[in-house]
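Q: I would like to learn how to read the features of a protein model. Where do we begin?

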Amino acid sequence: GASRAPDTSLFVPVPLKPGLDGAGEEDVGAELTRPLDKGECGRHREGMGWGKEIQRLGAENGLDARLFHQAFISFRKYIMESSSVSADLHIILNDICCGFVLPGHVDDLFPFFLRHAKQIFPMLDCMDDLRKISDLRLPPNWYPDARAIQRKIIFHAGPTNSGKTYHAIQRFLSAKSGIYCGPLKLLAHEIFQKSNDANVPCDLVTGEERLFANEDSRQAPHVACTIEMCSTNTPYEVAVIDEIQMIRDPARGWAWTRALLGLCAEEIHVCGEPAATDLVTELMYTTGEEVEVRNYERLTPLTVLDYALESLDNLRAGDCIVCFSKNDIYSVSRQIEARGLECAVIYGSLPPGTKLEQAKKFNDPDDPCKILVATDAIGMGLNLCIRRIIFNSIVKPTVNEKGEKEIDTITTSQALQIAGRAGRFGSSFKQGEVTTMHRDDLAQLKEILSEPVSSVQAAGLHPTPEQIEMFAYHLPDATLSNLIDIFVSLSQVDGMYFVCNIDDFKFLADMIQHIPLNLRSRYVFCTAPLNRKEPFVCTTLLKFARQFSRNEPLTFDWLCRHTKWPLAAPKNIKELVHLEAVHDVFDLYLWLSYRFMDMFPDAALVRDIQKKLDDIIQIGVCNITKLIRASQSAAAPGSAEVVSEDFPLSRTQRDPRAVSERHGAASTEALSIAVEAAGLRRAKNVRPSRLGGRQEELKSYGRGSLANRLLREGLLTQEMLRQLESEWQDQHRNGRYSFGSKRDDQHSSKETRKKRK
């Protein structure tokens, strides 16, 4: 097909020093004519009729209006500031200055102008090469070893708790050699354990860890790994790719595509939702490989209840409340404790060891802890004995393909994955139940669960280090972030694929741009798995890169100084959050130690203190309600805000038993919604999304506390409050909740774009 026009807004001009372009020739030019009168020159240049004809010539050479304008200004500046120019250019300029302008003279300048344009925009000269490098249209061809064998693909399709992965793993264990690829360290660990327990020697490979079954560190014939770490050039008899529907993940999908197209195994067992069957079959059609689909039904019944929980007084043993924000986890666990009940807590940023401990505590029939409060982190990787799943809310912050934050009702796929955790086969509960916390969410949850799961449309791809290296060869002056942008804008993909969003990569690339590193090392640092919302982890990466660039190894002592190790048990939520960040820093060190062993030499010591830190975090999580209490009493009295990085999504009213209701006539729903909506819109990159009347989800439990704080700080007046309230009531009467008109939306996204530039 015709290649699309490049996005020239990404072309950053290379700064040229004012020329000694014709060093040594200046006298020739001046002798043949006379020294240039720059003032005269400038005047003539202003009036020079570089009309449509010249612009047309420019366009033929890849200069669209934007580039032409930039190049013209740069060329003029270059001539005015250069102490000398080449003889032929000198003569033409002199003729123009002296008024000997013959027809065609201005055009005679064009080759010099074009040469200048290509110096400041080097991509103009190698567009065809760049397009070839960024052509992502035949991904199967990237894996010649896999194409050299005829692989058998078996798709185990079924919902959560249908035994699909169990059957694939049985085949893995019976094979002479095998590889398991999963989305989480926890899952890789579980298969590693299971395999070795079954006397099938199996190694573990994750980004941060390598464990060998053999004591002499010889490779075992079986390996369990996180999917990004799988080898596409080692031959195996059987490969298992778990949770294949994640091939559509906007950030990580590329790893599933790579495994599916690239693994060298005679049999590939793919496990996941039936929604991915068609795409996998189509992808395998392009490699000439048949797909055998085996369908599984759920092993235990799952019932959606006809009543909501409505009050935490109605909790019973085996209940799991699912929240989509950390603040809600804190709020709910606090209120459960106020009722004299014990609960376990599981959320994404906890270390794997702590998650396992909390799961064990909840599963243990002899432990008094009978309630679990968790995020959707329980949807994968943990075996839990849950009788009933209770959705605290049914909206969730997500990041779309453009990397913008949205708040959206959970998808059918997400709802099924979480709800399916109730009544696990082989657990003490023979059937599962699911409901919501709030009565008005229940009808919508039923609707979501009854809808067919939308089929997986496309598989993720992302540029390889080799491709970026070839780009850099052609564009040596571009920053890595800019290279990636140009790559994605020029890349061409088949309809079955999409390019994953590379925002995290670009964020790190921009952050370490000023540090002198070779391209390969820079690329590795930018692919480090870290949460960019954690400032401590980001600044640590920056320090790692800076020291690395000076060729100074990052020692255990250095890391202890930086993290202030040893650390005490946390006294409040803020300290717990910091310990989680330190755990991530240790992970980052270990991840880098496998890529730069000489520069991160103390992995063994770091692993030891990381285990100790895991124990300290476990103590904190076991006492989480005490930490929440400490955080709340330290904050403004009655303030329910504990950590504000993600605002609460539940409407759980604060329990009078937990916190005495605060005064303040200002504590209206209107305010809590309006201010949160405004805060949402202001937050960079946040795009209010189709809430379909779910706006009331945003009524926070912290009613009033925000109002009073904003009033105290002078950011809000009583008048503004009254206006917000009346606006909200108008909207309520019209039955409409919206975050502002589409026009506002477009305006704010333009603003965001401006800020980003």
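Predicted model: local features only at pLDDT ≥ 70, side-chain atom pairs only at ≥ 80, totals over all residues.

Q: Which residues of α22 are buried?

A: Buried means under 20% relative accessible area. In α22 that holds for V537, C538, T540, L541, L542, F544, A545, Q547 and F548.

Q: What covers the buried residues of α22?

A: The cover includes four other helices: α20 (503-511), α21 (519-526), α23 (556-563) and α24 (573-593).

Q: Which residue with a positive phi follows α22?

A: That residue is N551, with phi near 65°.

Q: How do I read the packing of two helices, for instance the angle between α18 and α19?

A: Angles from 65 to 115 degrees count as roughly perpendicular. Helix α18 (residues 465-474) and helix α19 (residues 480-490) pack at about 105°, and their axes are 10 Å apart. So α18 is roughly perpendicular to α19.

Q: Which residues meet where α18 packs on α19?

A: From α18 come Q467, I468, F471 and A472. On the α19 side they meet L480, L483, I484, I486, F487 and L490.

Q: Now a sheet. What is the order of the strands in the open sheet of eight?

A: The order is β5-β4-β6-β3-β7-β8-β2-β9, and the pairing is mixed. At the edges lie β5 (210-211) and β9 (291-295), each of which pairs on one side only.

Q: How many bridges join β4 to β5, and do the strands run parallel or antiparallel?

A: Two bridges join β5 to β4 (residues 202-205), and the strands run antiparallel. Within this pair, L204 stands opposite L211 of β5.

Q: Which helix packs on the sheet, and which strands does it touch?

A: Helix α10 (residues 164-174) packs there, touching β2 (152-157), β3 (178-182), β4, β6 (222-226), β7 (235-241) and β8 (264-272). The direction of α10 makes about 160° with that of β8.

Q: And the chain as a whole: how many helices and strands does it have?

A: The protein chain has 30 helices and 20 strands. Of its 757 residues, 53% are buried. Its accessible surface comes to about 34400 Å², with 53% of that belonging to carbon and sulfur atoms.

Q: What share of the contacts join residues at least 24 apart in sequence?

A: Among contacts between residues at least 6 apart in sequence, the share is 78%.

Definitions and conventions. Residues numbered from 1 in each chain as written. Heavy atoms only, no water. Buried < 20%, exposed > 50% of the residue type's maximum accessible area, 1.4 Å probe, protein only. Contact = heavy atoms within 4.5 Å. Areas by Shrake-Rupley, 256 points an atom, 1.4 Å probe, with all protein chains shown as cover. Pairing = 2+ DSSP bridges. Axes fitted to C-alpha atoms, helices over the stretch in contact; angles between N-to-C directions. Parallel < 35°, antiparallel > 145°, perpendicular 65-115°, else oblique.
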